[in-house]
Amino acid sequence: MSTTMAVAPERASGFSVRRKRLIGLAVLCAAIVVAVVASLLIGANTLSPSLVWHGLWHRYIGEGTAPDPQLNEAAIVVQTQRVPRTILALIVGSALGVGGALMQGHTRNPIADPGLLGITQGAALAVVIAIFLGGVTAPIQFIWFAFIGAAIASVVVFGLSSLGGTAASPLTLILAGTGVTFFLSAMTSAVALADSQSLDALRFWNAGAVKGDSYDIILTTTPFILVGLVLAFANAPALNLLNLGDDVARGLGQNVTAARVLGLLAVTLLAGAGTAACGSIAFLGLVVPHVARYLTGPDHRWLLPYSALAGGLLLLVADIVGRMVARPGELEAGIVVALVGAPCFVFLVWWRRAVRL
């Protein structure tokens with residue numbers, strides 16, 4: 001009787017937590033819908049809701065020959081600029097949010113983000129070298145070099161952290177990642193300072209921007225991000241065990257090395273593709289998992305979907321704010337995220353509950 005009475009409140013508490021998590025997911029989805037509508041409406045020229053709606057479905061033709069020039073112009077703006085940049089912000093934000101949550105889980109470090117493994121710096125160095133040696137200038141070509149650079153950096157970090165015949169641990173991953181990050185940053189600066197065109201490319205990476213004027217970037221990076229998300233969600237149960245400690249995880253039958261390789265591969269795909277598409281978006285992969293963790297707790301089966309939604313929402317809102325504050329130009333989304341993310345992270349550190357893993 002006493003056992004039944006003890007189990008009943010526990011089940012009730014479990015249902016309550018699950019209900020709160022589902023409600024949180026619904027609220028995030030609703031917020032994303034609102035942000036998507038705002039993204040379509042707001043830009044250098046604000047369009048009316050009616051014009052945006054009809055512009056979505058209107059088949060536009062060359063400027064100056066349309067029977068309804070206003071609708072034709074709205075269709076061009078909506079279909080060729082605002083829709084692709086909205087999609088790109090959601091995809092890249094989701095990738096960086098999940099990548100940050102994976103990094104913090106695998107390193108058991110609350111201030112870890114994809115930049116800690118040298119992924120961002122590897123992508124930047126590869127782009128700068130491609131411009132300096134190969135004369136690459138098209139953004140769509142940057143993506144492949146950035147992705148290759150990110151992948152090589154991840155392999156080097158994991159290899160260095162496994163030297164001596166021991167499996168990669170959170171501590172060795174952080175040490176190897178920090179060393180590689182500093183080395184790659186120095187190499188990138190050395191190459192960029194020797195070539196003005198490479199220096200311009202480095203500025204792009206440091207600023208981080210959502211440029212949705214082409215669907216090619218979306219079509220190129222989305223498959224990698226989708227594969228990365230699948231691997232990340234598959235890695236979530238193992239990550240819950242790893243957070244109990246490697247020895248405990250092994251005792252429970254978990255292959256620690258396989259789990260870390262799977263997690264690192266997911267981070268490489270997510271952060272590499274996200275960075276290749278939009279440049280270095282600082283703070284997003286750091287702050288989003290903390291906000292999501294406050295809502296979900298440490299269970300990565302819930303934390304990762306929350307991080308995906310919150311990351312996409314944050315980057316899209318940052319892009320909208322950037323369009324509003326610097327009209328008729330715009331402020332890069334990466335700068336807006338950093339301006340908002342830095343005080344938010346200080347607040348999270350001060351409010352110590354949010355930085356616990």
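Visitor: Which residues is Thr296 in contact with, leaving aside its neighbours within four places in sequence?

Guide: This is a predicted model, and in it Thr296 is in contact with Arg21, Trp302, Leu303 and Tyr306 once those neighbours are left aside. Thr296 itself lies in helix α11.

Visitor: Buried or exposed, that Thr296?

Guide: Thr296 counts as buried because its relative accessibility is 4%, and the cut-off for buried is under 20%.

Visitor: At what angle do the axes of α11 and α12 cross?

Guide: The axes of α11, residues 284-296, and α12, residues 300-325, come within 8 Å and cross at roughly 130°, which makes α11 oblique to α12. The crossing of these two helices is right-handed.

Visitor: And which residues make the contact?

Guide: On the α11 side the contact is made by Leu284, Val288, Pro289, Ala292, Arg293, Leu295 and Thr296, while α12 brings Trp302, Leu303, Tyr306, Ser307, Ala310, Gly311, Leu314 and Leu315. By type, the residues of this contact of α11 with α12 divide into 11 nonpolar, 3 polar and 1 charged.

Visitor: Changing topic, how many helices and strands does the protein chain have?

Guide: The protein chain has 13 helices and 0 strands. Buried residues account for 50% of its 357 residues, and of the contacts between residues at least 6 apart in sequence, 75% join residues at least 24 apart.

Visitor: What about the largest nonpolar core, how many residues does it have?

Guide: The largest nonpolar core has 87 residues, and those with the most contacts inside it are Leu88, Val98, Leu102, Leu270 and Leu315. Helix α3 gives the most to this core, with 14 residues.

Visitor: What does Leu88 contact, beyond its neighbours within four places in sequence?

Guide: With those neighbours left aside, Leu88 is in contact with Val210, Lys211, Ile217, Ile218, Ala277 and Cys278.

Visitor: And how do α3 and α10 cross, left-handed or right-handed?

Guide: The crossing of α3 and α10 is left-handed, with the axes of α3 (residues 69-107) and α10 (residues 256-278) coming within 8 Å and crossing at roughly 145°. The contact is made by Leu88, Val92, Ala95, Leu96, Val98, Gly99, Leu102, Met103 and His106 of α3, together with residues of α10 including Ala259, Arg260, Gly263, Leu270, Ala277 and Cys278. The residues of this contact of α3 with α10 divide into 14 nonpolar, 5 polar and 1 charged.

Visitor: Where is Pro170, and what is it in contact with?

Guide: Pro170 lies in helix α6, residues 170-193, and counts as buried because its relative accessibility is 8%. Leaving aside its neighbours within four places in sequence, Pro170 is in contact with His106, Thr107, Arg108, Asp246 and Arg260. Although Pro170 and Asp246 are 76 residues apart along the chain, their C-alpha atoms are separated by 9.5 Å.

How values were computed: Residues numbered from 1 in each chain as written. Predicted model: local features only at pLDDT ≥ 70, side-chain atom pairs only at ≥ 80, totals over all residues. Heavy atoms only, no water. Axes fitted to C-alpha atoms, helices over the stretch in contact; angles between N-to-C directions. Helix = DSSP H or I, 4+ residues; strand = E, 2+ residues; numbered from the N terminus. Parallel < 35°, antiparallel > 145°, perpendicular 65-115°, else oblique. Left-handed = near helix turned anticlockwise from the far one by under 90°. Contact = heavy atoms within 4.5 Å. Nonpolar A, V, L, I, M, F, W, Y, C, P; charged D, E, K, R; others polar. Core = buried A, V, L, I, M, F, W, Y, C linked by side-chain atoms within 4.5 Å. Buried < 20%, exposed > 50% of the residue type's maximum accessible area, 1.4 Å probe, protein only.
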